[in-house]
Amino acid sequence: MDLESFVEKFAVERRGTDSLKWDGLQERYGDPDLFAMWVADMEFKAPDQILDALHERIDHGAFGYGMIDDSYFEAYDAWAVRHHEARVQREWVRFATGVVNSFFWMVNAFTEPGDAVMLATPVYYPMHAAIRNNNRKLVSTELVRDESGVYRYDLEDMERVIVENDVKLFIACSPHNPVGRVWTEPELEGMLELCARHHVLVVSDEIHQDILLTDRPFVAAQEVAGGKYANNLITLNAVSKTFNLAGLIHSHIIIPDPDLRARYDRWAKGIVQTEVNLLGVAAAKAGWLYGEDWLEGMLAVVRRNDAAFRTRLAEFSPHIFMPTLEGSYLLWMDLRGQTDPAKTREFMAKTCRLAVDYGEWFSPRCKGFVRFNLATTPANVDHGLDLLTEGLATLH
Ligand SMILES: Cc1ncc(COP(=O)(O)O)c(C=O)c1O
C-alpha cells in the first residue's frame, strides 16, 4: 500500500481515548499540552483484517478462558519464514502479558538477588527497571559509535564487564531501541559466542523485528550460525509493535532448550498463572495472515518521516547527529552539538513544547540525546519538526 492511501485510511486521533501517549502527558511530563512524540505506539488503526477478527470475537459475545490452537502457530510460522524471525516448535513457546513483563520474569527465573545482569546501553529503559527493581546488579557495556556513525557492540568491553562482574544474564535488543541498528549475523554471532563462552544466558528482545528500513534482512538470534546458540537463548517477541496492538497485552517467550524451559517452568509454576488474552491472540493471528500490505504502507510512512527529519535538520542544523534508522520507528538524536545537555529536557518541554523520550532514560551517559517516535502521520511529524526548528532558532 502506498503512503498516501495508508495515511488517509488508517490515521486516527488518539487524544481522549485513554491513550498513554496523549492522555498520559500530565502524569508523565507534568504538562498535558505538549506535542507527543514519545513512547512506541502509533496514530494508526490496525489493518482491517485485524479489526474484523476482533469484531468477530467480540460479536460472539462470550469471553471465557481461551486457548491457542495449531492455526495460530501455522500463521506465525508462515510469517516467521517470510520475515526471517525465530522459528518455533509449539512446545518451545510460553505466553506472556507483554515483553516488558517478560524482562521481569526472566530476571527472576534465571538469576538470584545480587547477580549481575548486563545491558548494552543506551537501551530501552524498562530493561533497567527489571534489573534494578529486582535487586540485581545492573552492569552495562556502552555501545560505541564508529567513525561512520554506526553504533556497534564493543566485544572487548563486553567481555571485561562479564568477567569482572560474573554476569549471569544479558538482555539484548534486536533491532536495537533506541539506536536503530538491525544487527548483522556476524555482529550477533560475536555477541552470542562471547556470552556462550562465559556462560551468560542471552535474552533477546526482538519486538521490533518487522520494522525494517534497511534492505538487509532481520536475523533472529535463534537462527544465527544455523541455530548454534539456540541452547543458550530465550527470545521475546510479539506482533504488537508491528500492527500497533500493544494494548492487547500478548507476547511470546521462546525457549528452545529443554533444560532452560524446565527451569523457567519450575519458576513460573509459582508465579505465572494467566491464560492468554483472547483478543490479543485473534489480532496476532490475523496480522500474520493478512497484515503484509498494511506493514508496507506503515513502513513507507516511517521512511518518509525519517527523511523529513534528516532533510529539515540538515538544512537547519548540521551539528545534530542521527544514526541511520535501520530498524524500529524510533529516531535517536544527539543534540549535544546544539543544546547544553543539562538543559535538553527543559529545551524540549519548555521551549519546543515536545514530549520525547530523554537520553538519560536509556543510559546515564546519554544526557543531551532524545528519541522521537516516527510512527505517526506526516502532518504530525512536520508539526513536531516545526516545533523543534522554532526551538532551535531561539538558540542562535
Ligand atoms: C525494545 C522494546 N521491548 C519491548 C517493548 C514493549 O513490549 P510490550 O508492549 O510487549 O510490553 C518495547 C516498546 O517500546 C520496546 O521498544
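Start by selecting the ligand and the residues around it: by class, this shell has seven nonpolar, three polar and two charged residues, where Ala, Val, Leu, Ile, Met, Phe, Trp, Tyr, Cys and Pro count as nonpolar, Asp, Glu, Lys and Arg as charged, and the others, Gly among them, as polar. What you have open is a predicted model, in which local features need pLDDT of at least 70 and side-chain atom pairs count only at pLDDT 80 or more, while totals for chains, interfaces and linings use all residues. Residues are numbered from 1 along each chain as its sequence is written, and side-chain values use heavy atoms, with hydrogens and water left out.

Now show the shell by name: the residues surrounding the ligand include Ala40, Phe103, Tyr124, Cys173 and Lys241, a residue being near a molecule if one of its heavy atoms lies within 4 Å of it. Helix α6 (residues 99-110) gives the largest share of this shell, three residues; helices (H or I, at least four residues) and strands (E, at least two) are DSSP runs, numbered from the N terminus.

Next, select Asn177, Asp205 and His208, which belong to the shell. An N or O atom in the side chain of Asn177 is 2.8 Å from an oxygen atom of the ligand, and an N or O atom in the side chain of His208 is 2.7 Å from an oxygen atom of the ligand. For Asp205, a polar side-chain atom lies 2.5 Å from a nitrogen atom of the ligand. The protein covers 90% of the 400 Å² of accessible area that the ligand has on its own, with areas taken from the Shrake-Rupley method with a 1.4 Å probe and, for residues, only the protein chains shown counting as cover.

Another cis peptide bond, with omega about 0 degrees, joins Thr121 and Pro122, and Pro122 has its place in the loop between β3 (116-121) and α7 (125-132).

Then move to Ala172 in strand β7 (residues 167-173), which is buried, with a relative accessible area of 1%; buried means under 20% relative accessible area, exposed over 50%, and partly exposed in between (1.4 Å probe, protein chains only).

Finish in the loop between β9 (233-237) and β10 (251-254), where Asn244 is found, its phi near 60 degrees being a positive value in a residue other than glycine. Ile249, placed in the loop between β9 and β10, has phi near 55 degrees and, at 40% relative accessibility, counts as partly exposed.

Note on methods
Polar contact = N/O pair within 3.5 Å; in protein donor to acceptor, adjacent residues only side chain to side chain.
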